[in-house]
Amino acid sequence: MKELEYPFDSSWILKNRKKIRRALLEERQGRIKKRIAILGGSTTNDVAAMLELFLLNNGIEPEFYQSEYNRYWQDAVFGNPELDKFKPELIYIHTTSRNITEYTFDMKLSAEDVSSALERQYEHFTHMWKSIEKSFGCPVIQNNFEMPLYRIMGNSDASDFHGRVNFISSLNMKFYEYAQSHRDFYINDINYISACFGLEKWLEPSYWYMYKYAMNLEAIPELAFNISNIIKSVFGKNKKLLALDLDNTLWGGVIGDDGVEGIEIGKENAEAESYDEFQRYVKEHKKLGVMLAVCSKNDYENAVAGLEHPESVLSPDDFISIMANWESKDRNISAIAEELSILPESIVFADDNPAERHIVSEQLGAAAPELISPESYIRTLDRNGYFEVTSFSEDDLKRNDMYRENIQRERQRQSFENYEDYLLSLDMHAVIEDFRPVFLQRITQLTNKSNQFNLTTKRYTISEMEALSKDSRYIRLYGRLEDRFGDNGIVSVVIGEKREDALHIELWLMSCRVLKRDMELAMLDSLVKRCREEGIRYIRGYYFKTQKNAMVRELYGDFGFTKTEDNGSDTQWLLDTEDYENKNKVIKID
Amino acid sequence: MNMNEIMERLNEVFRDVFDDKRLVVDEYTTADDIEDWDSLEHINLIAAVEQEFKMKFKMKEVSGMKNVGEMAEIVRERAKR
């Protein structure tokens, strides 16, 4: 819903909450459900109400638990039957500078006094986080602290250890250190967003005096939007690719009319500089594993000439795909999605032309933020949080290379008449074995991202995955595939639970970038081998239908399983491993 | 701005906040008359009225208003548009 994308009208959203909610619920089905506990140090009612809207808009249907007013610490530390029963899948701790209890302003205090107060305040929180980890083991989102309402020492409040600003800054640093050393713990940076919003307006104290809201009511949509970005990222709903128009998006002017020397890019004037900085911003995304593509109505030669402009920060090599032609843009975007085996809805389309944005977002459900003028492009893209980083794995670093290699493989394939000859020519090697701790991050990420080649679409948090990786009731396999063009990384995950003489498959997924490479057969061979080693005769497979996983509806059938149940959408399957023969003939297992 | 115009615009705000197209309020309407009008929804209502008329209620007024008529009276004194 456009109204819930940045920049949004907070007052309008607050006023029309009920209507928006109704529209979102009618708009589409198939959202994932999540139980979210909000533990607040101030009133949280509208925080939950706003968060619900932004999450619904991101394909997540939340159910909330809210602690009683300012009972966040007690709920977390001592537990509470209602919260235990609720079994949160994510906990958001909404505390603010209003909840700082250990700070007192007193010029007589020594540096040691202040530092021990700081330590006490920090322990108040770490104690709570550790209790949560022990009792719930779910992801935690914790606010940092916003700057205070006043500075009793003036500017020295920031630099003098007696100052409140100094205390808050130090406490924030301690929170960040905790975040760096703990998985599934995320900081909601209200210090930054309150500054963006305007600190004076954010802190409007009448909302505290009247309702015990720690911020202006109008700031709550901003807060909730920011939290929703973290949550959608944790649950694997980040975007993957940024597709960019060229004329008046990556440079000023129209290259077809103005020529290479006529476009605005570089440092010569204000407009050129705004595009220069935007290109730098775009290029940094590559380092996060975000893929870049061009989607422009231009002759291909002109597009490449523009990107080869001596002042251009981006070069043709930075893009995984350059679609410069006169086809309609929705067709080009869907061609990019198809070539890379990603869903169109995981694409962000950046174009200065509202008509192009409209057709792409309407036809494909891709995000198309409103780019009004070049000096605001960065802000608009950045504040939308499309690529919010909550986990970062080795594969993110290599993603661009991997997809590029895929395109080379595709060209190789076209030179072979026989598909098996092509597969053999790839010289594929796989490692298939039990989970290893260093790979848990990537494995978890895969379980949250894969939608198409995914039989059960079961999602796991990193904490759940850690527990499961040590549980002897399970057989776990990850598969990593390498070939002459490069390393594809970890591309497949299978998890099964042993019950008597059968293994029940609760997860079977594969990354779409290795479709049609027989990797699934290699996984099955290894799974059967493991079952035999453990004396398990049968494998039971489950297919749970979603809107996206039709491609694997018959997977177990193709594997030679027998269908045992079929309710029209979901199916169950059985394999007797006794006379199973290995199926993979093209991948060497290392 | 006359009272009729204020009441008409107030009525629109009430309809949006309580998501009820048929809702009709008059000077004597109180929180007891509208099912969803609780203390939490009151916060949103006040903010929406302030936004509509580009004015601010004083803290004392927010808790002191007895009915929609009193609200309209304050708006009449202070509204900027």
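Read along the sequence, chain B of this predicted model shows the pattern α-α-α-α, with four helices and zero strands; helices (H or I, at least four residues) and strands (E, at least two) are DSSP runs numbered from the N terminus. Chain B is as compact as a globular protein of its length, because its radius of gyration of 11 Å is close to the 12 Å that the globule rule gives for 81 residues. The radius is taken over C-alpha atoms, and the rule is 2.2 Å times the number of residues to the power 0.38. Along the principal axes, the C-alpha atoms of chain B fill a box of roughly 30 × 25 × 20 Å.

Residues are numbered from 1 along each chain as its sequence is written, and chains are lettered from A in the order in which they are written. Because the model is predicted, local features need pLDDT of at least 70 and side-chain atom pairs count only at pLDDT 80 or more, whereas totals for chains, interfaces and linings use all residues.

The contact between the chains takes 11 residues from chain B and 13 residues from chain A, two residues being in contact if their C-beta atoms, placed from the backbone, lie within 7 Å. On the side of chain B that touches chain A, helix 1 (3–17), helix 2 (39–53) and helix 3 (59–64) each give two or more residues. Helix 2 of chain B supplies the largest share, six residues.

Chain A is divided into domain 1 (2–234), domain 2 (241–383) and domain 3 (427–589), with bounds from an automatic or database domain assignment. The C-alpha centres of domain 1 and domain 2 of chain A are 35 Å apart.

Chain A contains an open sheet of five strands in the order 2-1-3-4-5, with parallel pairing; two strands pair if DSSP finds at least two bridges between them. Strand 2 (60–66) and strand 5 (185–188) of chain A are the edge strands, each pairing on one side only. Five bridges join the parallel strand 1 (residues 32–40) and strand 3 (residues 90–94) of chain A, and L90(A) in strand 3 is the bridge partner of I36(A).

Helix 21 (residues 440–449) of chain A is mostly covered, with seven of its 10 residues buried. A residue is buried if 20 or more other C-beta atoms lie within 10 Å of its own, exposed if 12 or fewer, and partly exposed in between, with C-beta atoms placed from the backbone. The buried residues of this helix include R442(A), I443(A) and L446(A).
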